[in-house]
Amino acid sequence: MSEEMRAAILEVFQKNLKKGKKKLYIKEVVNELPQFPRSEVKVCSQKMLDDGILAYWSSGSTTYLMLKEEFEKYRHEAEDHPEEGEEKA
Amino acid sequence: MAQSETPLLDELEKGPWPSFVKDLKMAGQKKAMSRDLLRQLELSYKERIGHWKHGGIVGVKGYGGGVIGRYSDRPDLFPGVEHCHTMRINMPTGWFYTTKALRTICDIWDKYGSGMTNFHGSTGDIILLGTTTNNLQPCFDELSEKGFDMGGSGSALRTPSACVGPARCEWACYDSLDAINDITHTFQMQLHRPMWPYKFKIKCSACPNDCVAAIARADLSIIGTWRDNIQMDPGAVKEYAGKLDIQEEVVELCPTRCMSWDEKKKELKINNKECSRCMHCINLMPKALAPGKDKGATILIGGKAPILKGAMISWVLIPFLKMEKPYQPIKDLALKIWDWWDENGKMRERVGELIERVGMRVFLKEMGIKPIPQMIRTPRANPYFFWWPEEVPQKPKSA
């Protein structure tokens, strides 16, 4: 896994964060990095999850990725109005 | 007499049926979480609005799913449910437990959670309802030590589930328990590390009775079937003739009208080529009729319950497949489907919705599967299929 890809993934999150978007679908990350193969972006994202750079955020039915530091701030600020179709558990 | 804190919910205790309110009150005698859960629900009934905040935490160390995060939006009033997360635990295949295993789960859950459970969730998982963020990891560690694992949630493979199959059912056309156990172990990564556009469900029913309702709920259904003739015991058919109106209750209810009954000779005939495996006759005359001997499974794609879009019934993909260990054709097919769906699916689009959007012929081409008549969406209703131009035989041009 290249450092270049890690940096590019981080940049995607930081760029979106500036726009106020904390959570991204993995597909959004992949779509923003057309220069890298999809499967490699996914493998790299998994590694970044393991390394504690990224974190999962889930509504129950849908999973997003976010920066770990943002997750720590956001983890107890769950959503008042979940998306349609959220799991009732 | 002290006034009840939950007068609206108390109404649900009335009547002859079981009441979750009664159960929660019992649980509330031991745990503040259950008490506050009832009190919060009472407020929701009163105000007609939910008081849960959704999402956040996903699992335990190394897992991206299995925990459904829930928080009260009124922790000031209901501190017991400030955190009230659900843990999904992968059930044993076919839902067979020893009493020791059940006690183990309950003891661990009493220690770390509210004590409330749901055996089982609609996907089949053991649902442990209500714990705090701090208790998630130690609870999982103890469950894991006893051999349990998390189930699926989020944009991942959901806990694969199977009917009781050959363990208790004489109609089983393959070992659904072994198949789902094998599939679950093979796809651990897909189950615990969500990386797809949305959820994906695999369900195994060992015969066309489809007791896990795979056809209506699973993205990939594996439903037992046979490809030879229904087995018949003519002597047993005659015995049924005395207690059953075979003409009215069996033959006339056959959806394909593939049966005929000779009342004088007490003889039942089946045109097996027309049988659509509805199981009605076999269910009604279990001592006389049985599935054929050449057994396997039909593989279907694209079923789902209504969430974002309406419900979809599954579509036949492979009419007959022998189900033998290590189930490699199924696993290869699943990997191929996931790769295509992952690349082409929109966010929160199930595979059946994607197929509907781009067309079955595109899907089949990508899968390398040839279209065949059994794949038509609504059998005996509309056989129309768009073929690729190169697949249509060209008539020689007349001179």
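Of the 89 residues in chain A, 52% are buried. Buried means under 20% relative accessible area, exposed means over 50%, and partly exposed lies in between (1.4 Å probe, protein chains only). The model is predicted, so local features need pLDDT of at least 70, side-chain atom pairs count only at pLDDT 80 or more, and totals for chains, interfaces and linings use all residues. Residues are numbered from 1 along each chain as its sequence is written, chains are lettered from A and ligands numbered from 1 in the order in which they are written, and side-chain values use heavy atoms, with hydrogens and water left out.

Chain A holds four helices and two strands. From the N terminus, their order is α-α-α-β-β-α. Helices (H or I, at least four residues) and strands (E, at least two) are DSSP runs, numbered from the N terminus. Chain A exposes about 4500 Å², and carbon and sulfur atoms supply 50% of this area. Accessible areas come from the Shrake-Rupley method with a 1.4 Å probe; for residues, only the protein chains shown count as cover. Contact means heavy atoms within 4.5 Å. Among contacts in chain A with a separation of 6 or more, 51% link residues 24 or more positions apart.

A:Ile9 sits in helix α1 (residues 3-18) of chain A. Its relative accessible area is 0%, so A:Ile9 counts as buried. Neighbours within four places in sequence aside, A:Ile9 is in contact with A:Val29, A:Leu33, A:Val41, A:Cys44, A:Ser45, A:Met48 and A:Leu54. A:Lys23 is 14 residues from A:Ile9 in sequence. The C-alpha to C-alpha distance of this pair is 13 Å.

Chain B has 399 residues, of which 51% count as buried. Its secondary structure comprises 14 helices and 15 strands. The C-alpha trace of chain B spans about 90 × 60 × 40 Å along its principal axes. Chain B exposes about 19800 Å², with 54% supplied by carbon and sulfur atoms. Of the contacts in chain B between residues at least 6 apart in sequence, 63% join residues at least 24 apart.

The contact between the chains takes 33 residues from chain A and 37 residues from chain B. The area buried between chain A and chain B is about 3100 Å². Carbon and sulfur atoms give 51% of that area. Buried area is the accessible area (1.4 Å probe) that two parts lose on being put together, summed over both. Between chain A and chain B, 15 residue pairs are in polar contact (both at pLDDT 80 or more). A polar contact is a pair of N or O atoms within 3.5 Å; within protein, one must be able to donate a hydrogen and the other to accept it, and residues adjacent in sequence count only if both atoms are side-chain atoms.

On the side of chain A that touches chain B, α2 (26-31), α3 (38-50), β1 (54-58) and β2 (63-67) of chain A each supply at least two residues. α3(A) gives the most to this side, with six residues. By class, this side of chain A has ten nonpolar, ten polar and 13 charged residues. Ala, Val, Leu, Ile, Met, Phe, Trp, Tyr, Cys and Pro count as nonpolar, Asp, Glu, Lys and Arg as charged, and the others, Gly among them, as polar.

B:Ser155 also reaches chain A. This residue lies in the loop between α5 (133-145) and β7 (161-162) of chain B. B:Ser155 is buried, at 1% relative accessibility. Not counting residues up to four places away in sequence, B:Ser155 touches A:Ser61, A:Thr62 and A:Thr63, and in chain B it touches residues including B:Pro194, B:Trp196 and B:Lys199.

Side chains of opposite charge can pair when their charged atoms come close. A salt bridge is a side-chain nitrogen of Lys or Arg within 4 Å of a carboxyl oxygen of Asp or Glu. The whole structure contains 29 salt bridges over all chains. Five salt bridges cross the interface of chain A and chain B. In one salt bridge, B:Asp339 meets A:Arg38 at 3.0 Å, N to O. This pair runs from helix α12 (residues 328-344) of chain B to helix α3 of chain A. B:Asp339 is partly exposed, at 43% relative accessibility.

Other salt bridges lie within one chain. A:Lys47 and A:Asp51 pair at 3.1 Å, N to O. A:Lys47 is partly exposed, at 37%. A:Asp51 is also partly exposed, at 37% relative accessibility. In chain B, B:Glu267 and B:Lys269 pair at 3.9 Å, N to O. B:Glu267 is partly exposed, at 36%, while B:Lys269 is exposed, at 51%. Salt bridges that share partners also join A:Arg38, A:Lys42, B:Asp339, B:Asp342 and B:Glu343 into one network.
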